[in-house]
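Open the model in your viewer and keep the selection tool at hand.

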Amino acid sequence: MGWTVIPIRTHVITEQDDIVSLACRYTQGIAGPNDIIAVAESVVAITQKRAILPDAVRPGLAARFLCRFPAKHGSLATPGAMQLAIQEAGLPRILLGCAAAFFGRLIGKKGYFYLVAGRELALIDDIAGTMWPYEKHIILGPKEPEKIVRSIREATGSEAVIADVNDLKCVDILAATSPESSRIAKETLIDNPFGNDDQQTPLVVIKKVEN
Amino acid sequence: MKGQEIARLTNIWSTYQQDEQQLSRVIIESTRPLTFQLRRVNQVVAFTIYNAIPNMYCDTLAIYDGLINEITVQPEEGNRVTIYIALNHNAPCTVTRLNGLPARTFLCFSRAHLDALFAGRRIVIDPGHGGRDPGGRGPVDLLEKNVVLTMAKKLKAELAKVKAQVWLTREGDQYLTPSERLKLAKEMRAHVFISLHTNYSKDSRIGGLVVNYNPAHHAGLRLARLTCEELVRKIKRNVLEIKAAKELSGLGPIPGFKIKPVTISNWVEEGLLRNPTFYEKIAIGVLNGLQKIFLSSPE
């Protein structure tokens with residue numbers, strides 16, 4: 001037995017949508033009880049109204065100052081995104097994260113900021129980090145991903161995962177209905193079937209097949 | 001037919017390659033191999049699939065890859081789905097299939113007409129600024145002189161695929177005077193001169209694209225509009241301005257354009273310039289514009 005990946009093209013998902021209903025509708029007749037429904041974390045966040053226009057954010061002095069230090073291709077390079085990170089994690093944790101990042105630089109290690117300030121901050125997509133029409137928004141990570149995957153399993157009968165995948169072959173499973181689903185999703189989503197541009201395939205069925 | 005034999009359509013996408021094969025391809029993914037019929041009405045190919053229902057969303061996909069304009073997926077009564085593929089040229093089509101899960105059906109269209117149109121065309125691309133002149137600066141850190149050089153190299157690569165002869169006024173970070181930039185176009189007797197820049201505004205909320213044209217060319221405005229239209233289709237930015245640029249009149253009768261696809265001072269548009277696929281879209285948008293220009297003025 002092996003696993004195959006079936007990406008499903010959806011409409012442009014907005015805050016008007018309910019992610020559990022979408023999972024049911026688009027995977028109907030395809031995903032069975034032994035299969036896994038994988039959902040891209042950014043669309044879960046969008047349906048939770050966590051896509052925020054920068055105009056709606058008032059960056060404080062701390063955000064304006066601190067956004068100068070992260071990598072410019074990273075997620076917290078604009079004052080708006082840094083302000084939202086401060087609101088999510090609190091200024092003390094952000095400052096501790098900065099101190100850890102500074103220490104990491106001294107010893108030549110990356111990733112200390114998120115280790116201390118919080119993994120959820122790594123899920124923030126800064127302006128232009130998501131496909132049209134959400135390129136004007138800052139997208140925060142999804143809330144309560146465990147609850148969402150459980151609801152998808154109840155509604156569809158299939159296992160479910162929420163994943164953050166990029167084109168650099170990094171797969172981060174935010175929540176899964178079982179450890180086995182998490183392991184299989186981590187292996188099978190490595191080529192980023194969600195796409196990184198206009199693909200519109202934020203739902204993927206990972207299906208068990210005979211080799 | 002038994003219910004379980006129905007094919008479920010899951011995904012449709014398009015890609016192109018301009019190597020020895022020169023193909024635009026539409027790929028349809030489904031849970032079973034498809035039964036289909038192919039018809040053609042002028043430049044529209046209708047691909048009707050029988051005993052199939054769409055699980056995927058059915059809408060119109062804007063492709064504009066130089067051959068395929070749009071793909072429309074239309075569910076019909078009686079478990080039928082028709083996919084209409086609108087082309088800009090009456091290109092031959094072949095269908096191949098790959099079984100498996102998902103099963104893939106490939107509709108392949110020849111792009112050979114692009115070679116015929118572009119072969120022998122001399123195009124000079126001028127990446128603006130350079131050296132001691134950085135041009136505009138984005139709110140985070142990008143510099144105009146660097147991003148326009150990346151744009152120019154990407155555009156050169158796309159034009160080389162369709163056999164155009166292409167020169168860049170600069171290949172690295174060097175300063176050139178305005179007359180040095182125009183000189184190459186005149187020396188090469190270029191069919192078109194394209195100067196790449198980004199727009200800049202003190203107001204970081206302003207975003208969009210600007211196209212300037214050589215007022216000394218008799219159809220400058222019309223050709224600039226064609227270029228702008230094609231670029232907008234690919235990069236989905238607002239048009240701020242289409243305007244004559246006096247500095248291009250030194251080109252004389254050569255059609256010349258200064259294209260500013262985005263406003264670098266805008267937070268969102270600077271962010272878009274960090275995405276490599278955005279440069280690809282700009283290059284294809286300009287290539288589509290040139291295609292229209294060459295079709296509308298053969299010499």
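Start with the two domains of chain A: eleven residues of domain 1 of chain A are in contact with ten residues of domain 2 of chain A, where contact means that two C-beta atoms, placed from the backbone, lie within 7 Å. To find the domains, select 2-50 + 141-209 for domain 1 of chain A and 51-139 for domain 2 of chain A; such bounds come from an automatic or database domain assignment. Their centres, taken over C-alpha atoms, are 25 Å apart. Now select helix 2 (residues 41-47) of chain A, which supplies four residues, the largest share of the side of domain 1 of chain A that touches domain 2 of chain A. That side of domain 1 of chain A holds three nonpolar, two polar and six charged residues. Here Ala, Val, Leu, Ile, Met, Phe, Trp, Tyr, Cys and Pro count as nonpolar, Asp, Glu, Lys and Arg as charged, and the others, Gly among them, as polar. Helices (H or I, at least four residues) and strands (E, at least two) are DSSP runs, numbered from the N terminus.

Before going on, note that this is a predicted model, in which local features need pLDDT of at least 70, side-chain atom pairs count only at pLDDT 80 or more, and totals for chains, interfaces and linings use all residues. Residues are numbered from 1 along each chain as its sequence is written, and chains are lettered from A and ligands numbered from 1 in the order in which they are written.

The contact between the chains takes 27 residues from chain A and 21 residues from chain B. Select strand 1 (2-8) and strand 7 (203-209) of chain A, the elements that give two or more residues to the side of chain A that touches chain B. Strand 1 of chain A gives the most, with four residues. By class, this side of chain A has eleven nonpolar, nine polar and seven charged residues.

Stay with chain B and colour domain 1 (3-110) and domain 2 (115-296) separately. The centres of these two domains of chain B, over C-alpha atoms, are 33 Å apart. Six residues from domain 1 of chain B meet nine residues from domain 2 of chain B.

Now look at the largest nonpolar core, which has 139 residues. A nonpolar core is a set of buried Ala, Val, Leu, Ile, Met, Phe, Trp, Tyr and Cys residues joined through C-beta atoms within 7 Å. A residue is buried if 20 or more other C-beta atoms lie within 10 Å of its own, exposed if 12 or fewer, and partly exposed in between, with C-beta atoms placed from the backbone. Val161(A) is one of the residues that touch the most other members. Helix 6 (residues 276-296) of chain B gives nine residues to this core, the most of any element.

The last stops are backbone details. Most residues other than glycine have a negative phi, and most peptide bonds are trans. Select Tyr64(B), whose phi is positive, near 45°, in the loop between strand 6 (60-62) and strand 7 (68-76) of chain B. Lys236(B) also has a positive phi, about 55°. Find Lys236(B) in the loop between helix 4 (220-235) and strand 15 (239-244) of chain B. Finally, select Leu101(B) and Pro102(B), which are joined by a cis peptide bond with omega about 0°.
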